[in-house]
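Hi everyone, thanks for making time. Please have a look at the model while I talk you through a few spots.

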Amino acid sequence: MDTHYTTRHLTRPPLPRSPPALSHRPARPPRHGRVATVGRGGGSGGRKATRCSPPLLPLQAGCVRQRERAAMAAASRGGGGGGPKALELLRALPRVSLVNLRPNPGAKKSEKRRGRGRHGGKKSGRGHKGQRQRGTRPRLGFEGGQTPFYLIIPKYGYNEGHSRRRQYHPLSLQKLQYLIDLGRVDPTQPIDLTQLTNARGVTIQPLKRDYGVQLVEEGADIFSAKVNIEVQMASELAIAAIEKNGGVITTGFYDPRSLEILCKPIPFFLRGQPIPKRMLPPEDLVRYYTDARNRGYLANPSNIPEARLELAKKYGYVLPDISKDELFRMLSTRKDPRQIFFGLAPGWVVNMSEKKILKPTDERLLRYYSS
Amino acid sequence: MIRAGSRLWSRGAAARALATSAGRLGLTEAPVPSPHVVDAASQAEKPPLVTPSAPVLRDCCLAIPSHRTAVQAWVESLRHYEDRHVGLADLHPDVFAVMPRVDILHTVAVWQRNYKRISYAKVKTRAEVRGGGKKPWAQKGSGRARHGSIRSPLWRGGGIIHGPRGPTSYYYMLPMKVRVLGLKVALTTKLMQDNLHIVDGLDMPTCDPQYLADLARYRHWGQSVLIVDVNKMPENIMKATASLKTITLVPALGLNVHSILKHETLVLTLDTVAFLEEKLLWHDSRYTALHPFRLPYSDFP
């Protein structure tokens, strides 16, 4: 009993059966040209073709193979009409198994193999005589003895120390609005670099000298979200755009170790180390972070309302009063200068598997972590 | 599959199951197939001998996109060899009706074969072959060709120039989403080519392997069957498949494209279908990984 055909019978209308000759055909039909000339003299190969075992009409065999191949390719491409058509096509094809698989045409390109031609290969892509073929060309940049370009130009420190410079990944207001609109970032909670990383809005690489995120004013005209956001640097117009919508913006410094912990908290918690304290900014950044105009986290809090008014006057908008806001408590949440996470103080150990937080009790440790 | 289902419903053999569920009372007499049925398949089918109870209907737990509808498959049972239409299962189209990418099946099957391969072939170069430090004869005067060592590649017994060098690993990893898509395409292919069967459970009346083999042959399941289950498998089926060569029992975590394509038929339980849908659909709408998946994620299925 031919199970293949009867299975199909039960669940769909019987397919037109292929002629019996093809269903019992061998995998590779013998070619009559080659078989006929073996062991015989030259002469008429055509007449001798009748001597060998009757091969299949090459038209039929080739037809099935080509049809199968074309159909499989069409199924991969989508059947020309989309998913449902391709699936309908698949139902009419032979069972897909390990012997039927092949990559899409053009996917596998065989590599170029040099020096494998007739008579032991020819020039193998090396050219004709000279240094090119003999492989004795001088080094790159050599100009025949003339002082080369890379030596004649004098040095200047354009890129000196470039690999040690701080980098701040730009975050546009447009992207922030996009993330909030899609629900990836929650504006009812303080927005931190951790929230932005969890939302995959930015990708920070602390090991590549990234020191955080800078807020950029692209999209300031369409920005309309009230958020409490903490970034590392922000331009004036970006600060104005956020405050115009009733939000709060702060700039804070994170040293590389704290930044790595902030961006990838889970691997840090699994290490079992206590949360370290955030280090203070280096000398050249102290000025930036103590300035109320940049909304620095080390600035005097009493200077900030003046700075907000000044900015409102400069850009010409009415400064909304956030103390009357229902989310005022959330909007006024700020981190301590030594704190990395909201709600977690330095010195605490987070145990994720047992869902516990361990706090230090030793006096010296408490004094160290609260300094 | 929906068309097949609707066609079968229209036949008398399946219509009385509907009537039974509507009435909630089991018909004790053996129902007669309606005379208007003309398809050869239904004439070959006998009506089930067991008392039909309420049909098992399975809905998709996960949301289906609005532009697509679920694909359907019959739910069968292993309790009796006639239990072929115990119910109807809705399968998620993004797992069981994806684009039939045969080239992805090829990619994943080739990867499965090769990523574990370590070829241990190693041959010695002229430096490693024992001997060959001394110049065999003087440069000039002997009349023979000039040679520096008896183990040069020109010599018999000499070293091999560009032979296999040491254990070579052919390890590479395909992106996770490609492997997931491979599983989806394999499941789709099996379903569309009528080689996928859903079973409500793996409860068997006996542990006789012959019973299982006969059941598979009666239901035209094919030469080889792969049965997949998530939960702990009952003893009967484990004993039955232990001695059978062509019927394999596999936990759901061990499901892979090579095994699916190697076996002619795939049999999944309803729990396995739910498990696979949950695991395979998660990758469609997930963020890129921040840290490796072996570290905890809150929504990792």
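Predicted model: local features only at pLDDT ≥ 70, side-chain atom pairs only at ≥ 80, totals over all residues.

Residues are numbered from 1 along each chain as its sequence is written, chains are lettered from A and ligands numbered from 1 in the order in which they are written, and side-chain values use heavy atoms, with hydrogens and water left out.

Let's begin with chain A, where three strands form an open, parallel sheet in the order β1-β2-β4. Strands here are DSSP E runs of at least two residues, helices are H or I runs of at least four, and both are numbered from the N terminus; two strands pair if DSSP finds at least two bridges between them. Because β1 (167–172) and β4 (233–234) of chain A each have a single partner strand, one side of each lacks a neighbour in the sheet. Six bridges link β1(A) to β2 (residues 210–216) of chain A, and Pro170(A) sits opposite Gln214(A) in β2(A).

Over in chain B, β7 (residues 225–229) and β8 (residues 247–251) run parallel, joined by five bridges. Leu226(B) has Thr248(B) as its bridge partner in β8(B).

Finally, my arginine: Arg338(A) lies in the loop between α16 (328–331) and β6 (349–351) of chain A. Its side chain reaches the backbone oxygen of Arg278(A) at 3.0 Å.

Note on methods
Polar contact = N/O pair within 3.5 Å; in protein donor to acceptor, adjacent residues only side chain to side chain.
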